[in-house]
Amino acid sequence: MELTQLTEAAERTEQFEPLREALKLPEDIGLLEGPEAGETSECPFTYSEAYTDENSIYHPGQIKGICAGSLSDPRVRELTGDLGQWQRQERGMSCAVQVQREIINSVQGLELTESELRTLAEARDWYSDETGTYAHDVGRIAEECFGMERSQYKGIGLEALMALKEQGYRLILGVDHHRLARPQLNRPFKADHAVELLDFDLSDKENPKVILNDPGRDEGRGSVYPLEIFLKAAGPADRAAGKPVIHFVTALKKEADDERQ
Amino acid sequence: MNGNELYALASESPAGQACVPMNFQHTAPRLIWRGSWIAEFWYYREDDSGGVYVPRYYMAFRLPGGAPLEMRALEGKQECLGPAPELAAQPCWDRINDYLEDCARLIESPKKGALRALEERWSATLPGPLRTWMETYQLQEVEEPESKPPETAVPRDLPGYWKARLEEALRSGDKDAYERAKAGYAKAISESRH
């Protein structure tokens, strides 16, 4: 049965299990009823609350539920598929490989392991356990081994980033993981970690949010950050222009897939 | 050039991004005077707890333009073991930010007499274990800038840097990178013989 049929069936019968299985959704993310036919939902997700622990580490919210009816939206379906693929990176430096694994599996319908991709990448000098991945090599596994279209951007604005997402690209960002974990600190920017930007949640105009798959945290699946914190971690502020700068983006797309199906 | 731009030279300049993998953090720059200012950076990675630092690369840039002078892979160096990262606290970052701004000011209007004090302040910006490691393994390799200031900046191992890029390009089969590295190597060899 097609995913759209499963979605309709879930709406009618409240039988979510086949849909959950098809999406490879983990048990800690619920499929929720609604919106009803004809209704629209501003936000198709529910989140847990963000908090800061006793060590001053910021723990973002996390997606805990998806409205089944929203899965008729290809963008929500795409995000849900990527949530199902999230895994913790297996090595200290393997974030860029793990994020590519999520995307390749989600887009191509494969079930590759990080270990398999590390082997591929090590043989081509795109990754090593000792040094990780060079920024210019991020996405090369997806491009050169799995035929995905790849482009990289440096120092782009938020509008350009959102436009890439609108165009259906899967986005890998270089972020400063210290700034994600301790957003209250005023420290110089250094991108040292790769995450996947799943989508923006602009349903609350006063509090826009960004949803990430972060392979570097135990609870990194569907992490929900306030836009302000995300921007601080995604690039140094351009004081002259008074605008945030997204430091480094790798955009991936299934080749010849110009329009979302 | 402000303090942030000086810091970003290590990670956001084309040379910094091309030469060092993304997962590495770097120190605040140490300024040295060799007829012109040079900023030296050491790159390290942390383990998950932040308690183990593994220094791996060194890069030097000429200031204020930021032209890369030298890159070295620090092979075979031991890890620096230490307690939880002191850099997690804002006072440490205030110190680093102040230091960076002072460096930027000094670059704009050089006063060599301030170098020794600056060196001490630079040292104070390092995570403790890394500082210990650098005192043991690195500081002795670098000449005291005030005791013997050379008139011109001399890259220490530019041919070595380009040779490493050449070998990388050969391994990867990247023709463009190979041509760039070949030209760089030939130029560096030629200049090193003058």
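Student: Over the ring of which residue does the charged end of Arg30(B) sit?

Tutor: A charge sits over a ring if NZ of Lys or CZ of Arg is within 6 Å of the ring centre and within 35 degrees of the ring normal. In this predicted model, the charged end of Arg30(B) is placed over the ring of Trp122(B), 5.0 Å from its centre. In chain A, Lys253(A) lies over the face of Tyr169(A), at 4.6 Å from the ring centre.

Student: How many aromatic pairs does the structure hold over all chains?

Tutor: A pair of aromatic rings is described by the distance of the centres and the angle of the planes. Rings of Phe, Tyr and Trp (its six-membered ring) pair if their centres lie within 6.5 Å; planes under 30 degrees apart count as stacked, over 60 as edge-to-face and the rest as tilted. Over all chains there are seven such pairs. One of them joins Phe41(B) and Phe61(B) edge-to-face, at 5.8 Å centre to centre and 80 degrees between the planes. Phe41(B) belongs to strand β3 (residues 37-46) of chain B and Phe61(B) to strand β4 (residues 52-62) of chain B, so the pair ties together parts that are 20 residues apart in sequence. Strands (E, at least two residues) and helices (H or I, at least four) are DSSP runs, numbered from the N terminus. Trp42(B), Tyr58(B) and Trp122(B) form one aromatic cluster.

Student: Are Phe41(B) and Phe61(B) buried or exposed?

Tutor: Buried means under 20% relative accessible area, exposed over 50%, and partly exposed in between (1.4 Å probe, protein chains only). Both Phe41(B) and Phe61(B) are buried. By contrast, Glu120(B), in helix α4 (residues 115-124) of chain B, counts as exposed at 56% relative accessibility.

Student: Which residues of helix α7 in chain A are buried?

Tutor: An α-helix has 3.6 residues a turn, so residues three or four places apart point the same way. In α7 (residues 158-166) of chain A, the buried residues are Leu158(A), Leu161(A), Leu164(A) and Lys165(A). They lie on the same side of α7(A) because they cover an arc of only 120 degrees around the axis, the arc being that of the directions from the helix axis to the C-beta atoms. Glu159(A) and Glu166(A) are exposed on the other side of α7(A). Elements covering the buried residues through contacts (heavy atoms within 4.5 Å) include α3 (74-85) and β6 (148-156) of chain A.

Student: What does the side chain of Lys165(A) reach?

Tutor: Lys165(A) counts as buried at 1% relative accessibility. Its side chain reaches the backbone oxygen of Tyr169(A) at 3.2 Å.

Definitions and conventions:
Residues are numbered from 1 along each chain as its sequence is written. Chains are lettered from A and ligands numbered from 1 in the order in which they are written. This is a predicted model: local features need pLDDT of at least 70, side-chain atom pairs count only at pLDDT 80 or more; totals for chains, interfaces and linings use all residues. Side-chain values use heavy atoms; hydrogens and water are left out. A polar contact is a pair of N or O atoms within 3.5 Å; within protein, one must be able to donate a hydrogen and the other to accept it, and residues adjacent in sequence count only if both atoms are side-chain atoms.
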